[in-house]
Structure formats: C-alpha cells, structure tokens
Amino acid sequence: MKIYPKEVKAKIFLHRRISSDYFRLQLACPEIGRLARPGQFLMLRVNELQDPFLRRPFSFSRIFPPREKKRNPMDEGGVEICYQTVGRGTLLMTRLQEGQRLDLLGPLGNGFWPEEGCTRVILVGGGIGVPPLLTWAQELKKKRPGKKKFTRAPEMTFLIGGKDKEKILGVGECRRWGIEAQVATEDGSLGAKGVVTDLLEKELMTGRHEATAIYACGPNPMLARVAQVTDQFDLPCQVSLESRMACGVGACLGCTVKFREGVPPGENQEGQSAPERANSFAAAEGEERTTREGVIPVISEAPPFRYARVCKEGPVFDARKIFWD
Ligand SMILES: Cc1cc2nc3c(=O)[nH]c(=O)nc-3n(C[C@H](O)[C@H](O)[C@H](O)COP(=O)(O)OP(=O)(O)OC[C@H]3O[C@@H](n4cnc5c(N)ncnc54)[C@H](O)[C@@H]3O)c2cc1C
Ligand code: FES
C-alpha cells in the first residue's frame with residue numbers, strides 16, 4: 001500500500017535541552033505517528049515566516065502510534081525528534097515553545113529493514129545519529145516468534161560515539177532495555193578514547209560476527225568508514241545518509257547520491273562529460289561524431305552508477321550500493 005506523507009500542524013508537547021547543543025522535541029501528530037517507521041524522517045518548517053524558506057529534515061527518535069487507552073497526550077499519536085544546533089534553522093528551533101504549533105511534512109523516505117537470517121545486530125551511532133537507531137532497536141526488540149524475518153529478537157550491541165561525553169546519547173536507554181552499549185569519545189572523556197568505528201573494528205575482529213547485520217547513523221565520513229569495515233567482513237550493512245534537502249519528496253534532485261544499482265541504458269548519464277554524453281547518444285544511433293580535431297572515440301557504456309534521491313529512495317540504503325567518493 002502506498003503511503004502518502006501528511007502535511008500537518010503539530011502541537012509541541014515537549015521541548016527540552018538534553019545537552020549543550022542537543023534538544024528533544026515531542027510533537028503531537030496522530031497522522032504521522034500512525035504511519036511512521038524507524039529510519040524515516042519528517043521535514044519541519046522552523047517558523048511561520050518564509051525565512052528560512054526551506055523545511056529542515058529530521059529523523060524520528062521515537063514514534064508514538066495512537067493508543068486506545070489515552071493516559072497522556074502523546075497516546076493520541078505523535079513523534080519525537082532530537083536535533084543538534086548547527087546553523088540558523090536549528091538555532092531558531094531552540095526558541096520553539098511547548099504548546100506552539102509547527103508545520104510538518106511526513107513520514108518521508110524509507111527506513112531500516114530487518115536483514116533475513118541475522119541473529120545479531122550491531123548498531124553504530126555517532127552523536128545525534130544515535131536517537132534514530134534507538135527507535136530501530138526498540139522495534140527489533142518487539143520481534144516475536146512467528147513474525148516475519150527475525151524469528152526472535154536479535155542479540156544487540158550498540159556502539160555509541162561522540163566528540164566528548166556531552167555528545168553521548170542513548171546509554172541509559174540501552175541499560176534499561178538490556179542492550180550492551182560500548183562508548184567511544186574522541187577526547188577520552190567517556191569510554192574508550194577514539195572514534196566509534198574503532199569500536200566496530202575491534203568488535204568484528206574479536207567477537208562473533210556470523211549472521212550479524214550492521215545499522216549505522218551519523219555523519220557521512222563515519223558512515224563511509226562503517227561501510228568499508230563491514231565490507232571487509234562481508235556483512236550486511238544499512239546506513240542512514242545525510243544530504244542537504246530542499247523539497248524532501250523527490251522533486252528537486254537536490255539530495256542525490258551515486259548509487260551502484262540499475263542504471264537503465266541511456267538514462268542518468270550525468271556522470272559523463274558533454275562529449276561523452278553526445279557520443280553515447282551517437283553510439284545508440286550507430287554513428288560516430290566528428291569534430292575539427294577528428295573522430296571522438298565512441299563511449300557507449302553507461303557509468304556504473306545512477307543518481308538516487310536520498311529523500312525518496314533512502315535515507316536508509318544498503319551501504320554496499322553507495323559510491324563513497
Ligand atoms: C534524512 C535526514 C535526517 C536528519 N536527521 C537529523 C536528526 O535527527 N537530528 C539532527 O540534528 N539533524 C538531522 N539531520 C541534519 C539536519 O537536517 C541539518 O542539521 C539541518 O537541516 C541544519 O539546518 P540549519 O538551518 O541549522 O543549518 P544550515 O544553516 O542550513 O547549515 C549549517 C551547517 O550544517 C550543515 N548541514 C545542513 N544540513 C545538513 C544536512 N542535511 N546534512 C549534513 N550537514 C548539513 C551545512 O553544510 C552547514 O555546514 C538530518 C538530515 C537528513 C537529510
Ligand atoms: S530533497 Fe528534493 S529530491 Fe530529495
């Protein structure tokens with residue numbers, strides 16, 4: 001069944017600072033809470049003015065589907081996002097007041113999916129990339145015998161990284177949910193000194209890694225390294241990509257990444273230079289193009305990638321299908 005994103009005016013139920021520049025925002029919006037899946041996201045207009053003009057994308061850190069018994073306002077249905085202040089839009093968001101209404105569009109994109117046959121899961125989160133993985137961990141814990149793909153909840157390890165201890169989220173949730181958590185900080189103020197991908201390498205070198213799936217969310221350089229490490233161990237790995245977004249619905253092509261699969265012949269040849277492109281068309285017509293300098297060699301092969309829209313086909317992708325250049 002095709003699900004269409006909803007444009008709603010959500011009421012802010014809770015807005016809290018959770019560390020120096022991280023905030024939690026709970027939004028009452030049954031229409032989105034009913035449909036949202038871990039790994040999907042929403043686009044949020046930071047204020048009623050047209051400045052900043054574009055909505056900003058944020059992943060769900062919690063999903064509250066509508067409940068029959070309504071004990072608190074979020075039982076009506078809603079979602080939570082956690083955000084970090086990085087620029088003008090997110091700085092303006094810090095002024096949002098509980099009770100105020102916000103313009104949202106969601107749920108958008110495709111979220112995480114269970115990897116068939118995997119009995120162990122390693123979650124790798126960097127900074128503000130941790131909360132979206134927490135909601136996926138919660139979903140995985142729900143899997144019961146008889147449900148598709150995972151016949152029982154997989155064994156989970158959560159690797160959490162950040163610049164310093166202020167940037168470490170999710171340890172409390174892991175403890176409460178019985179998930180093993182390992183922490184790395186770049187300055188060594190909490191856990192191991194180093195980056196979270198060091199923890200991943202160590203875990204895969206020393207621990208069991210058969211039937212293991214990796215899920216990662218964080219800055220793109222971290223994801224590229226996770227993809228490299230998991231590829232060495234030939235393990236399935238899903239990554240939630242960040243990309244600058246304008247429309248969020250697949251219309252502007254502003255969020256594309258190079259993707260390794262299914263380049264239809266004659267389409268998406270943006271990777272070629274203008275003469276190459278001209279020659280491809282010429283080759284398709286069975287002719288050679290000439291210039292003042294002579295014959296241009298005919299290049300008929302499509303590039304080994306196409307462009308995928310992160311907002312529409314992602315943001316969660318199979319890491320092996322992304323060109324990490
Ligand atoms: C699918 C998706 C989910 C996201 N989920 C979250 C989330 O859960 N929590 C969160 O804090 N952030 C999330 N982001 C990133 C968030 O959208 C940006 O940080 C935000 O839009 C920045 O807006 P701004 O106006 O504050 O920054 P701007 O003033 O627009 O930019 C400030 C700086 O941030 C960088 N930046 C802006 N947008 C992005 C982006 N999309 N990716 C990487 N760098 C960016 C710019 O290059 C610039 O250096 C997500 C992005 C995507 C695409
Ligand atoms: S943001 Fe417009 S196509 Fe993805």
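Predicted model: local features only at pLDDT ≥ 70, side-chain atom pairs only at ≥ 80, totals over all residues.

Me: What does the chain contain in terms of helices and strands, and what percentage of its residues is buried?

Reply: The secondary structure comes to eight helices and 18 strands. Of the 325 residues in the chain, buried residues make up 47%. The chain exposes about 16,800 Å², and carbon and sulfur atoms supply 50% of that area.

Me: Why is Asp-21 called buried?

Reply: Buried means under 20% relative accessible area. Asp-21 has 16% relative accessibility and therefore counts as buried. Asp-21 lies in the loop between strand E1 (6-19) and strand E2 (22-28).

Me: What makes the pair of Asp-21 and Lys-167 a polar contact?

Reply: The term requires a pair of N or O atoms within 3.5 Å. The side chains of Asp-21 and Lys-167 make such a contact at 3.3 Å. Leaving aside residues up to four places away in sequence, Asp-21 touches Tyr-83, Gln-84, Thr-85 and Lys-167.

Me: Why is strand E6 described as largely enclosed?

Reply: Strand E6 covers residues 78-84, and six of its seven residues are buried, so the rest of the structure largely encloses it.

Me: How do you know that E2 and E6 pair, and in which sense do they run?

Reply: Two strands pair if there are at least two bridges between them. E2 and E6 have seven bridges and pair in the antiparallel sense. In this pairing, Gln-26 stands opposite Glu-80 in E6. E6 is also joined to strand E5 (residues 62-64), by three bridges and again antiparallel. There, Ile-63 stands opposite Val-79 in E6.

Me: What makes E4 and E5 the edges of their sheet?

Reply: The sheet is open and has seven strands in the order E4-E3-E7-E1-E2-E6-E5, with antiparallel pairing. Strand E4 (56-59) and E5 each have a single partner strand, so one side of each lacks a neighbour in the sheet. From one strand to the next, the twist averages 35 degrees. Within this sheet, strand E3 (residues 41-44) and strand E7 (residues 101-108) run antiparallel and are joined by three bridges. The bridge partner of Leu-44 in E7 is Leu-104.

Me: Why do E11 and E18 count as edges, and in what order do the strands of their sheet lie?

Reply: The order is E11-E10-E9-E8-E12-E13-E18, in an open sheet of seven strands with mixed pairing. Strand E11 (192-193) and strand E18 (316-318) each have a single partner strand, so one side of each is left without a neighbour in the sheet. Helix H3 (residues 130-142) packs on this sheet, where it touches strand E8 (120-126), strand E9 (155-162) and E12. The direction of H3 makes about 160 degrees with that of E8.

Me: How do you know that E12 and E13 are paired?

Reply: At least two bridges are needed for pairing. Strand E12 (residues 212-217) and strand E13 (residues 237-240) are joined by four bridges and run parallel. Ile-214 stands opposite Cys-237 in E13.

Me: Which residues come nearest to ligand 1, and how much of the ligand does the protein cover?

Reply: Of the 19 residues around ligand 1, Arg-56, Pro-57, Gln-84, Gly-89 and Thr-90 come nearest. A backbone N or O atom of Pro-57 lies 2.6 Å from an oxygen atom of the ligand. For Gln-84, a polar backbone atom is 2.8 Å from an oxygen atom of ligand 1. The protein covers 77% of the 870 Å² of accessible area that ligand 1 has on its own.

Conventions:
Residues numbered from 1 in each chain as written. Chains lettered and ligands numbered in written order. Heavy atoms only, no water. Helix = DSSP H or I, 4+ residues; strand = E, 2+ residues; numbered from the N terminus. Buried < 20%, exposed > 50% of the residue type's maximum accessible area, 1.4 Å probe, protein only. Polar contact = N/O pair within 3.5 Å; in protein donor to acceptor, adjacent residues only side chain to side chain. Contact = heavy atoms within 4.5 Å. Near = heavy atom within 4 Å. Areas by Shrake-Rupley, 256 points an atom, 1.4 Å probe, with all protein chains shown as cover. Axes fitted to C-alpha atoms, helices over the stretch in contact; angles between N-to-C directions.
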